[in-house]
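Open your viewer and load the model. This tour tells you what to select next and what is there.

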Amino acid sequence: MKRTAILLVALGLAATGFVACGDDDEPEQTETETETEAETETETETEPETEPGEVPADLDQGLLVVYSPFERDDQGRYTRPLPARMELLSRKDGEWRADVVTDEDSNVFHKAMVFQPEGQEPGILTVGGTGAHVKLWRQSDTGWSAETIWTEEFGGERNRMRDVEIGDVTGDGKDDLVIATHDQGVVAVVSQTDEGWNVDRLDRRENTFVHEIELGDLNGDGKMEIYATPSEPNHMGGGGQSGEVVRYVPQDGGASSRTVVAELGNRHAKEIWVGDVDGDGTDELYVSVEGIQEDGEVSESVEIRRYTADTPPGEGVVIATIEGDTLTRFITVGDVDGDGKKEMAVASFSKGLWLLRPGSDPAGEWGKESIDRDSGGFEHASVFADLDGDGSSELYVASDNDGELRRYVWIDGRARRQTIHRRAEARSMMTWNLMPAPRSLLRGE
Ligand SMILES: [Ca+2]
Ligand SMILES: [Ca+2]
Ligand SMILES: [Ca+2]
Ligand SMILES: [Ca+2]
């Protein structure tokens with residue numbers, strides 16, 4: 001994928017020195033970072049501790065943050081991949097702590113999330129790229145070590161597990177893993193059986209990237225649907241990159257149930273979101289349709305399109321446009337003010353963070369306001385989570401342009417930014433995903 005190689009030059013990257021390595025045969029070590037990375041950054045919060053929005057001294061929930069780290073090449077640019085890296089970020093007694101787990105089997109973790117197979121203790125599920133691995137990590141007295149749930153060489157130029165979602169798509173009452181890959185277009189359901197893990201490949205297409213998986217029930221029949229985003233492989237040549245959004249319903253026939261639900265023409269999506277944002281009790285599909293840049297000019301800007309169960313594939317409703325940007329890889333949904341109505345945050349590549357609110361007609365244009373123009377990155381990983389448990393969502397954002405992980409809280413209707421984690425060299429890593437997780441799991445205490 002040429003995009004990645006060019007990107008690394010553009011962003012640069014650096015070794016951070018806290019690399020704990022391991023493979024399946026020996027326990028991974030964990031190190032607690034002490035000074036340069038895990039300290040609380042307070043430059044944006046000089047107010048006393050009673051200030052609204054202050055981060056509480058103790059948080060029962062922390063964050064899983066996953067990266068592709070790089071070291072410098074002979075020209076001093078951060079282009080040499082290092083082992084995939086995951087940081088377990090937690091806060092206690094007024095201090096943030098980042099425990100680090102790395103994996104030499106891959107050079108990127110695309111996602112990490114809590115997963116508890118039936119009859120087992122919860123662990124941390126990771127999907128990694130080059131090599132393509134799905135692993136379940138658990139902590140013991142000797143550190144973190146992983147069970148490999150699925151690994152495969154797909155036979156294409158790239159070999160990546162790109163996304164995973166957890167849900168019961170087979171209808172047996174047990175959670176499944178639904179996984180997408182680069183670059184052989186695989187969409188697979190990994191199910192827990194008495195003998196171990198069973199991989200059911202619903203799809204496989206040459207020269208196809210599947211960027212994203214979402215699960216939900218748009219038609220309200222109680223059967224969980226799978227949504228996936230196949231496209232032509234990524235390229236940096238400008239112009240179009242054709243893609244679509246497809247649906248599979250394993251309980252209605254698996255591979256044969258494949259249906260195109262969003263036709264995107266010469267455009268495509270790397271980010272979709274499924275859930276009930278408008279609060280009517282039924283899930284919707286939101287598709288972040290990437291724009292087109294030709295001869296240095298943005299001819300088509302990013303659009304967020306909305307689909308319900310009966311929306312024709314060519315008639316998604318544009319609820320918002322991110323003017324002048326062609327990339328948006330994160331949509332996240334939360335409730336910034338705790339009023340029970342949901343908001344959607346959109347993290348664009350170069351035009352900052354935006355907050356969208358459905359109006360009285362959710363099938364019309366939504367309200368849009370800027371959260372922060374000074375935030376960005378190629379992935380621009382973002383997630384709403386209520387780590388402080390006060391009933392309102394905070395927005396956590398990796399601004400890779402700045403090498404910072406930031407927290408936004410809404411006070412009197414306005415977003416307020418705090419930096420909670422900073423790396424010494426912004427270019428040394430790309431952040432791919434953020435997910436909340438219990439501190440007890442992250443710290444093993
Ligand atoms: Ca359904
Ligand atoms: Ca709805
Ligand atoms: Ca709200
Ligand atoms: Ca909160």
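A residue is buried if 20 or more other C-beta atoms lie within 10 Å of its own, exposed if 12 or fewer, and partly exposed in between, with C-beta atoms placed from the backbone.

This is a predicted model: local features need pLDDT of at least 70, side-chain atom pairs count only at pLDDT 80 or more, and totals for chains, interfaces and linings use all residues. Residues are numbered from 1 along each chain as its sequence is written, while chains are lettered from A and ligands numbered from 1 in the order in which they are written.

Start with the whole protein chain. Of its 445 residues, 47% count as buried. The chain holds two helices and 32 strands. Both are DSSP runs, numbered from the N terminus: helices are H or I with at least four residues, strands E with at least two.

Now select glutamate 206. Is it buried or exposed? Glutamate 206 counts as exposed, because it has 10 C-beta neighbours inside 10 Å. It sits in the loop between strand S13 (196-203) and S14.

Glutamate 206 is in contact with both, leaving aside its neighbours within four places in sequence. Contact means that the two C-beta atoms, placed from the backbone, lie within 7 Å. Next, pick aspartate 183. From glutamate 206 it is 23 residues away in sequence and 7.1 Å in space, C-alpha to C-alpha.

Move on to the sheet. Strands S14-S15-S16-S17, in that order, form an open antiparallel sheet. Strands pair if DSSP finds at least two bridges between them.

Finish at S14 and S15 (residues 225-231). Six bridges join these antiparallel strands. Select glutamate 214: its bridge partner in S15 is tyrosine 227.
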